[in-house]
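This report describes the overall dimensions of a protein chain, its aromatic ring pairs and the surroundings of selected residues.

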Amino acid sequence: MVATQEDLLSVSSSFSRIIKRGIGKGPEACYTVLKANRLYVYIRNFMTPAEEILTDKKEYNLVMRYRSSVIAALSDELLQEASQLLGIPFESFYQDWNYNTNSGILLLVNNDFNPDVKIDESFERKLFPLVRMVGSQLHKIPSGLKVVKYTHNICVVESKEIMLPLEHLLLEQGNIDLLLTHAAEIKKGYVQHRELFEEAFNGLIEDLFIMWDYKQNKSYLIFSFNKVYT
């Protein structure tokens, strides 16, 4: 799948406009990258004055639930906009936000195909045991791990079958608030092991995100090494 820089700039502009209409403030920077069947939308300086106040008061759960709910409500429109502008049918939508760095990522996926990413096996032998070791302290050990994107800016690891019975129960009951709270604690656990991952990558990690697909029982663990947005 190929898109021109002009196409991607159009997506960035449209996403900023839609988010501004829904949240009340658009991001200062919005940068899109299309890689195979996945569209990554990097967002920076997105917080509204209300979110800044809540963040200052350390009301992280409240502010996360608010933004996640609004963006989820906009997801169908964002999927449709990206599909129309790029000529690619995107079906799946993911999001995560870091209030400590005022940055976020949206991920849109075309589910028709899932191409393999060529990764050095020695690197996988170093990274995957570390992900399993850290993850075992936070959630169910994944049945499968796969690197779906790896560049000098970012590494994205897909984990399958990581949900515990309690998380399945919360999903069945529609208790999204508790799932979001639990997800935030899991991300905090990975952040606490940042130095171990930096040693594996032999570089500094500037941001860490986790996106969850509860219906498919998988997650995307995203390590950002350099801010690719401007």
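## Overall architecture

The model is predicted. Its chain contains 7 helices and 8 strands. The radius of gyration is 17 Å, close to the 17 Å that the globule rule gives for 230 residues, so the chain is as compact as a globular protein of that length. Along the principal axes, the C-alpha atoms occupy a box of roughly 40 × 40 × 35 Å.

Of the 230 residues in the chain, 51% are buried. The accessible surface amounts to about 11500 Å², and carbon and sulfur atoms contribute 51% of that area. Among contacts with a separation of 6 or more, 60% are between residues 24 or more positions apart.

## Aromatic pairs

A pair of aromatic rings is described by the distance of the centres and the angle of the planes. Tyr 31 is partly exposed, at a relative accessible area of 30%, whereas Tyr 42 is buried, at 4%.

Trp 212 and Tyr 214 present another geometry: their ring centres are 5.8 Å apart and their planes meet at 5°, so the pair is stacked. Trp 212 counts as buried because its relative accessibility of 15% falls under the 20% limit. Tyr 214 is likewise buried, with a relative accessible area of 17%.

## Ring cluster and a charge over a ring

Ring pairs also join several residues into a cluster, whose members are Phe 123, Tyr 150, Tyr 190, Phe 197, Phe 201, Phe 223 and Phe 225. Elsewhere in the description of rings, Arg 67 lies over the face of Trp 97, at 4.7 Å from the ring centre.

Glu 158 is located in strand β6 and is buried, with a relative accessibility of 2%. Its side chain makes a polar contact of 3.1 Å with the side chain of Tyr 220. Apart from neighbours within four places in sequence, Glu 158 is in contact with Arg 38, Gly 144, Leu 145, Lys 146, Val 148, Lys 218, Ser 219 and Tyr 220.

Ser 219 belongs to strand β8 (residues 218-224). The residue is buried, its relative accessible area being 5%. When residues up to four places away in sequence are set aside, the residues that Ser 219 touches are Val 157, Glu 158, Ser 159, Ile 162, Ile 210, Met 211 and Trp 212. Trp 212 is thus a link to the stacked pair with Tyr 214 described above.

## Thr 151

Thr 151 is situated in the loop between β5 (144-150) and β6 (154-160). With a relative accessibility of 27%, Thr 151 counts as partly exposed. A polar atom of the Thr 151 side chain lies 3.1 Å from the backbone nitrogen of Asn 153.

The C-alpha atom of Thr 151 is separated by 29 Å from that of Ile 18, a residue 133 positions away along the chain.

Note on methods. Residues are numbered from 1 along each chain as its sequence is written. This is a predicted model: local features need pLDDT of at least 70, side-chain atom pairs count only at pLDDT 80 or more; totals for chains, interfaces and linings use all residues. Side-chain values use heavy atoms; hydrogens and water are left out. Buried means under 20% relative accessible area, exposed over 50%, partly exposed in between (1.4 Å probe, protein chains only). Rings of Phe, Tyr and Trp (its six-membered ring) pair if their centres lie within 6.5 Å; planes under 30 degrees apart count as stacked, over 60 as edge-to-face and the rest as tilted. A charge sits over a ring if NZ of Lys or CZ of Arg is within 6 Å of the ring centre and within 35 degrees of the ring normal. Helices (H or I, at least four residues) and strands (E, at least two) are DSSP runs, numbered from the N terminus. The radius of gyration is taken over C-alpha atoms; the globule rule is 2.2 Å times the number of residues to the power 0.38. Contact means heavy atoms within 4.5 Å. Accessible areas come from the Shrake-Rupley method with a 1.4 Å probe; for residues, only the protein chains shown count as cover. A polar contact is a pair of N or O atoms within 3.5 Å; within protein, one must be able to donate a hydrogen and the other to accept it, and residues adjacent in sequence count only if both atoms are side-chain atoms.
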